[in-house]
Every structure is written in structure tokens, then in C-alpha cells.
Amino acid sequence: MQAIQRFSQFSLLIAAILVWGCGSSRLTTRQAGEKLKPIAALPEREQAQMPENLIIRIENVADDAGSYKNYATLRINGKEIAPDKTISNMTANYDYALRLPYGVYEVEGEYHVVGFWKEASYPIRVDEQVKVMPGTVTRVTAHINKDYRGFPSEKKLYFALRYENLLSETQTEAVEIKSAPIIMASPYPIAGKEAIGFQEVTARPTPIDERALDALPSQSDKIVLQINTAPSNAEVIVDDRF
């Protein structure tokens with residue numbers, strides 16, 4: 001009798017474990033967003049259409065004087081990242097434009113000074129977590145101040161972190177311009193009416209030259225503007241935007 005009772009208890013325990021195990025395989029919608037990962041990456045065509053959401057720049061790395069042959073390296077989550085453009089012995093700015101999944105990343109750089117006898121490296125750190133968030137461009141920038149030999153002026157080098165709103169073409173509000181009649185005064189009488197003085201005249205909108213519209217640049221065209229400031233490395237703000 002005791003053996004049967006123990007067997008029943010053991011069976012109930014096994015059933016409870018199975019039920020609990022099956023129940024734990026279900027995720028809530030909140031848990032799904034945290035635990036589910038894509039089974040494969042998007043094709044390159046779709047990835048190219050996604051906006052760049054992490055922009056990293058290391059400025060004033062090398063030149064044709066005391067910083068000749070100096071260079072910089074960048075790591076994200078321990079992986080070294082190559083710059084967007086080909087690097088030479090006199091490349092001043094290292095640029096990295098990335099499209100990354102949303103989350104928190106570890107960003108660290110190194111500034112390398114190449115001397116006559118040996119090479120010295122100086123870490124470039126971030127004071128806070130680097131976040132990649134929806135609708136946001138994360139900009140991480142380091143400017144290296146150095147002496148005539150190319151060595152950094154500060155003992156410790158840091159990245160500056162800034163977040164900007166990202167407006168894609170699909171998020172931009174469409175503005176509809178409607179042509180309305182313009183009411184203007186005329187000092188001459190209107191034909192067919194016996195009136196003296198100012199009369200109300202309805203002006204027709206000027207026809208639009210379609211050829212002129214075709215000559216305008218499209219929204220997909222990119223315009224590059226270079227701004228040189230004196231003193232150098234000044235921040236430029238246009239319409240309250242950095």
C-alpha cells in the first residue's frame with residue numbers, strides 16, 4: 001500500500017514538473033521582445049536602406065608634421081572596426097558609420113603615437129554607456145589635442161557622447177501647398193463696370209514651369225557642406241540644431 005502511495009506521489013511530481021516545464025516555454029509579449037532574436041540577418045539591400053544609427057569619429061589623428069604615421073583603432077564589444085575610408089599615414093579623421101540593432105554597446109578606442117624607437121598607445125574611453133535607440137542617431141566623437149611631437153596633451157582621452165533625433169523620409173510630415181486666389185487693389189475701373197477708384201481684382205497663380213522642377217535635386221541626393229572655423233574645432237549651430 002505504501003509502495004502504491006509513493007508511486008502515486010512520484011507520478012504527481014513528474015506530472016507537475018512536465019506541466020511547469022511546458023508552461024515556462026511560453027513567453028509574454030514583453031518577454032518575447034527581450035529574449036527572441038532574429039533567425040537570420042536582413043539581406044544587404046534592406047540593410048543598406050536602414051539609417052545609420054551610430055556615428056563614431058576620432059579627430060586630429062595624424063598629419064604631415066609631428067603626427068606623421070600616428071593612427072587610431074576602434075573596438076565595439078571587443079571587436080575591432082575598420083574605418084569607412086582608406087587610411088594613410090597622414091589621415092586626420094577616422095570615421096565610422098554603423099547600422100546596429102538597438103541596445104547598449106561597449107565602445108573603446110586607442111590613439112597610437114609612432115616614434116623613432118617605439119610606439120605608445122593611449123586609450124580613448126566613454127564615461128557612460130553607449131546606447132543605440134529607435135529614432136535616434138548616437139554620435140560618439142573624440143578630438144585629440146596634442147603637442148608638436150604628436151603626443152596627447154591630456155593624460156586621459158575621452159569620447160564625447162551625443163544623441164540626436166532621426167527623421168527618415170517616411171517620418172517626415174508632408175506639407176501640402178495650396179494656391180489660393182490673391183485679392184489685390186487696382187486703381188483702374190474694371191471693364192464692364194461703371195466704377196471709379198480701387199476695385200477688387202482676383203489674381204491667378206503663376207503657372208509652374210515643370211522643367212524647372214525636374215532640374216531641382218531630389219530628396220535622395222546628398223549634399224556635403226564643409227565648414228572651416230577660426231579658431232578650429234568650433235561647434236556650429238544652425239536653426240538651433242548642432
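Biologist: Is E164 buried or exposed?

Modeller: Buried means under 20% relative accessible area, exposed over 50%, and partly exposed in between, using a 1.4 Å probe and protein chains only. E164 has a relative accessible area of 17%, so E164 is buried. Before we go on, note that this is a predicted model, where local features need pLDDT of at least 70, side-chain atom pairs count only at pLDDT 80 or more, and totals for chains, interfaces and linings use all residues. Residues are numbered from 1 along each chain as its sequence is written, and side-chain values use heavy atoms, with hydrogens and water left out.

Biologist: Which residues does E164 touch?

Modeller: A contact means heavy atoms within 4.5 Å. Leaving aside residues up to four places away in sequence, E164 touches G135, T136, V137, R139 and F242. With R139 there is also a polar contact of 3.0 Å between the side chains. That term stands for a pair of N or O atoms within 3.5 Å; within protein, one must be able to donate a hydrogen and the other to accept it, and residues adjacent in sequence count only if both atoms are side-chain atoms.

Biologist: Where is E164 placed?

Modeller: Helices (H or I, at least four residues) and strands (E, at least two) are DSSP runs, numbered from the N terminus. E164 belongs to strand 11, which covers residues 160-165.

Biologist: What order do the 4 strands take in their open sheet?

Modeller: Two strands pair if DSSP finds at least two bridges between them. Here the order is 4-1-9-11, with mixed pairing. Strand 4 (94-98) and strand 11 stand at the edges with a single partner strand each, so one side of each has no neighbour in the sheet. Strand 11 runs antiparallel to strand 9 (residues 136-143), and 6 bridges join them. Within this pairing, T138 has Y163 of strand 11 as its bridge partner.

Biologist: What is the order in the open sheet of 5 strands?

Modeller: That one reads 3-2-6-7-10, and its pairing is mixed. Strand 3 (79-81) and strand 10 (157-158) are its edge strands, each pairing on one side only. Strand 2 (residues 71-76) pairs with strand 6 in the antiparallel sense over 6 bridges, and R75 stands opposite E108 in strand 6. Strand 6 (residues 107-114) is also antiparallel to strand 7 (residues 119-125), again over 6 bridges; there, H112 stands opposite S121.

Biologist: What is the mean pLDDT of the chain?

Modeller: pLDDT is the predictor's confidence in each residue, from 0 to 100. The chain has a mean of 77, and 67% of its residues reach 70 or more. Over residues 182-186 it stays under 50, and the model gives this stretch 16 contacts beyond four places in sequence. Residues 192-199 are also below 50, with 13 contacts beyond near neighbours in sequence. Where pLDDT is low, the predicted coordinates should not be read in detail.
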